[in-house]
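Subject: Structure handover

Hello,

Here is the structure for your files. Please look through it first; my notes follow below.

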Amino acid sequence: MTSAEVVYFQDSLAKVQYRPLCYIKLKFQTEQSQIITENLKVLIAEKNHHKYKVGSIINIKYDSKNLKNISILGEVML
């Protein structure tokens, strides 16, 4: 588990199971000190959009063997 900075956030205006589909780009540092920037598709309730403003720091989990496998705690990833 680590923290990541939100460097891009956009609501796609599409809904999946009544939740907005959003595009997020995160920047974080791995245990091996690599700086990773990753694009994600996430279902985020509109009431939580304020948590993902550009510059916000959020908690994530990632698989050190597969850096494409990232999850934002408490959100539905696609």
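Two strands pair if DSSP finds at least two bridges between them. Strands themselves are DSSP runs of E with at least two residues, numbered from the N terminus. On that basis, strand 1 and strand 4 pair in the antiparallel sense over 4 bridges. Thr 2 sits opposite Ile 60 of strand 4 there.

Before the rest, the ground rules. This is a predicted model, where local features need pLDDT of at least 70 and side-chain atom pairs count only at pLDDT 80 or more, while totals for chains, interfaces and linings use all residues. Residues are numbered from 1 along each chain as its sequence is written, and side-chain values use heavy atoms, with hydrogens and water left out.

Strand 1 also pairs with strand 2, antiparallel again, over 8 bridges. Glu 5 has Lys 27 in strand 2 as its bridge partner. The hairpin of strand 1 and strand 2 has 2 residues between the strands, and Gln 17 takes a positive phi near 50° in this hairpin.

Now the aromatics. Rings of Phe, Tyr and Trp (its six-membered ring) pair if their centres lie within 6.5 Å; planes under 30 degrees apart count as stacked, over 60 as edge-to-face and the rest as tilted. The count is 2 aromatic pairs.

Phe 9 and Tyr 52 are stacked, at 6.4 Å centre to centre with 15° between the planes. They are 43 residues apart: Phe 9 belongs to strand 1 (residues 2-16), Tyr 52 to the loop between strand 3 (35-43) and strand 4 (57-63). Are these residues buried or exposed? The classes use relative accessible area (buried under 20%, exposed over 50%, partly exposed in between; 1.4 Å probe, protein chains only). Phe 9 has 22%, so it is partly exposed. Tyr 52 has 4%, so it is buried.

Phe 28 and Tyr 62 form a tilted pair, because their ring centres are 5.2 Å apart and their planes stand at 45°. This pair also links distant parts of the chain: Phe 28 is in strand 2 (residues 19-29) and Tyr 62 in strand 4, 34 residues apart. Phe 28 is buried at 3% relative accessibility. Tyr 62 is buried at 16%.

Last, Tyr 8. This residue lies in strand 1. Its relative accessibility is 37%, so Tyr 8 counts as partly exposed.

Best regards
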